There are 2 protein chains.
Amino acid sequence: MERIARIVTRRAIPPGEVHVGDDAAVLSPLVGRTIISTDAAVWGVHLDAHLFPLEDLGFKAVAAAVSDLAAMGAYARGVVVAVGSPPGTDLEELHRGIADAAAATGCPVVGGDLTRSRDVFVAVTVIGDCPGGNPVLRRGAREGDVLVVTGALGRAAAGLRRRREGAPLADELVVAHRRPWPRLREGRAARDAGVHAMMDLSDGLGLDLHRLADASGVGFELDDVPVARGATPDEAIAGGEDYELLIATGDLARLQMIFDDRGLAAPIVIGRVVADHDRRRWRGREFVRRGYQHQL
Amino acid sequence: MERIARIVTRRAIPPGEVHVGDDAAVLSPLVGRTIISTDAAVWGVHLDAHLFPLEDLGFKAVAAAVSDLAAMGAYARGVVVAVGSPPGTDLEELHRGIADAAAATGCPVVGGDLTRSRDVFVAVTVIGDCPGGNPVLRRGAREGDVLVVTGALGRAAAGLRRRREGAPLADELVVAHRRPWPRLREGRAARDAGVHAMMDLSDGLGLDLHRLADASGVGFELDDVPVARGATPDEAIAGGEDYELLIATGDLARLQMIFDDRGLAAPIVIGRVVADHDRRRWRGREFVRRGYQHQL
């Protein structure tokens, strides 16, 4: 238990804070509203246990949860992790992946729980805040908004396919599957640019674009789906787990300027929002609802 | 999914807050430091699946997590719940238990995640705050402090024993096992009384008293262990899951006065803190470290 605490606690604990070891963790005051999200990942469901090391389960679970903060334009302030595992599980390996993701996202692991179970599962909760403004919700997209994504799609699904075909763990697309990168900086830049709606593409554009439209009560005209190099169009639409951000903005120039100013890759325009809730078109055809299902 | 959201969302959502349905939940600003804790409960490990309904797993998981806030003297502000389950699980029943505990503790369910797994597991994260002061940690007990608990011990373990012997679910001690009651009000009263150290008795006095002493670098002289009616002395010491609070205070009169003033049951004196870290005595004998292990 103490060895695991040492693995996940890599940074000095700020004065007045308490992380692992008491009944609960104590964090410095957050600024403004509190943002919180929880995500569970199960070994063999969310990650193929025959193709990937256990470390990756920990990394992916934390990254997926942090991505939910990115999708609000929030700052990540802390993560707590509840782990279930059968006897004999290499908990140190699992927690190295958790710690790697926490370090990569600048979000300290402040607490945890270990329990026995048949499955290995990692339930991650992240908290964050939104200094200087409100979080960006899914529900704010308006007629005439431009739809953009923060990067080309399909990398994670292509990486899984390549791994199944025998590609090494270090393959660039396989890494995109194993070690997804939450778009925290892009999310904050989008919030600062006053975008109207935002979410992360965890289940694929083919599901998530519909969800954003549903939440906002609007439709869309999708012109182009940017397909990552090495991925298929189908992987780009329905693959999921890319964790790029989907954004609806009424001021594309401002968004581009702030992204550019912060050294972020230019947002990619994919279409626009229309008023008719039932209009869901891709290059003039119906854009069918489909996306990632948690199956191997 | 929407039916489950309706089950857990019983209260009106305050303006500016977002609970279930977006990438993350949004809560009103917390006051002062943020308190956060996570706990996982597994069906068949933390609760005997042959003796108790699934509802109770949800209730216990939330209650155990909220109890960690009670142990800091905090207010509970929100809970998020990640649930894993195999196909065919009655998720509505499970979430009724979650909602019951949330209602009983005044802590709204603000977010969740559902996933597939072999085990049924419930990973609960609670957040809270401590207006007007600091949380009470385990590490502050000092020589000469009086040790008290908030109630007689052994009820949960006795309830499990009675259930195994055929007692009905409505039996008072069985209810103590199924539906533990986090001592939020007692915890806040203790914090307001300026106590030096506090924790909840989740694993039994036989383990937890040692943990408090370890964290504070002190020893203790235990005079008396209050055994609940219907429980055995062994259940009171090593049974666990009572979720009464263990408190070290330098001003017993003040603690008693505040408890009395707020209509709380009088704290029960069990012993006192001594400077010698190695001195762990119960009625003149060594107080052996033993407590609840998560086994059926």
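In the predicted model, the twelve residues of helix 7 of chain B should span 16 Å at 1.5 Å a residue, and the end C-alpha atoms of this helix are 16 Å apart, which agrees; the expected span is taken as 1.5 Å times one less than the number of residues. Helices (H or I, at least four residues) and strands (E, at least two) are DSSP runs, numbered from the N terminus. Residues are numbered from 1 along each chain as its sequence is written, and chains are lettered from A in the order in which they are written. Local features need pLDDT of at least 70 and side-chain atom pairs count only at pLDDT 80 or more, whereas totals for chains, interfaces and linings use all residues.

The buried residues of helix 7 of chain B are B:L205, B:G206, B:D208, B:L209, B:L212, B:A213 and B:S216, a residue being buried if 20 or more other C-beta atoms, placed from the backbone, lie within 10 Å of its own, exposed if 12 or fewer, and partly exposed in between. Their cover includes strand 7, strand 8, helix 8 (233-238), strand 9 and strand 11 of chain B. Just after helix 7 of chain B, B:G217 takes a positive phi of about 70°.

Seven strands of chain B form an open sheet of mixed pairing in the order 7-9-6-10-8-11-12, where two strands pair if DSSP finds at least two bridges between them. Within chain B, strand 6 (residues 146-149) and strand 10 (residues 268-274) pair in the antiparallel sense over four bridges, and B:V146 has B:R272 in strand 10 as its bridge partner. Helix 7 (residues 205-216) of chain B packs on the sheet, and its direction makes about 145° with that of strand 7 of chain B; such angles run from 0 to 180 degrees between N-to-C directions, with axes fitted to C-alpha atoms, for helices over the stretch in contact.

The contact between the chains takes 50 residues from chain B and 50 residues from chain A, residues being in contact if their C-beta atoms, placed from the backbone, lie within 7 Å. On the side of chain B that touches chain A, strand 2 of chain B gives the most, with eight residues. Three bridges join strand 2 (residues 34-42) of chain A to strand 1 of chain B in an antiparallel arrangement, and A:T34 stands opposite B:L27.

In chain A, A:G21 lies in the loop between helix 1 (2-8) and strand 1 (25-27), and A:G21 is partly exposed, with 16 other C-beta atoms within 10 Å.

How values were computed
Contact = placed C-beta atoms within 7 Å.
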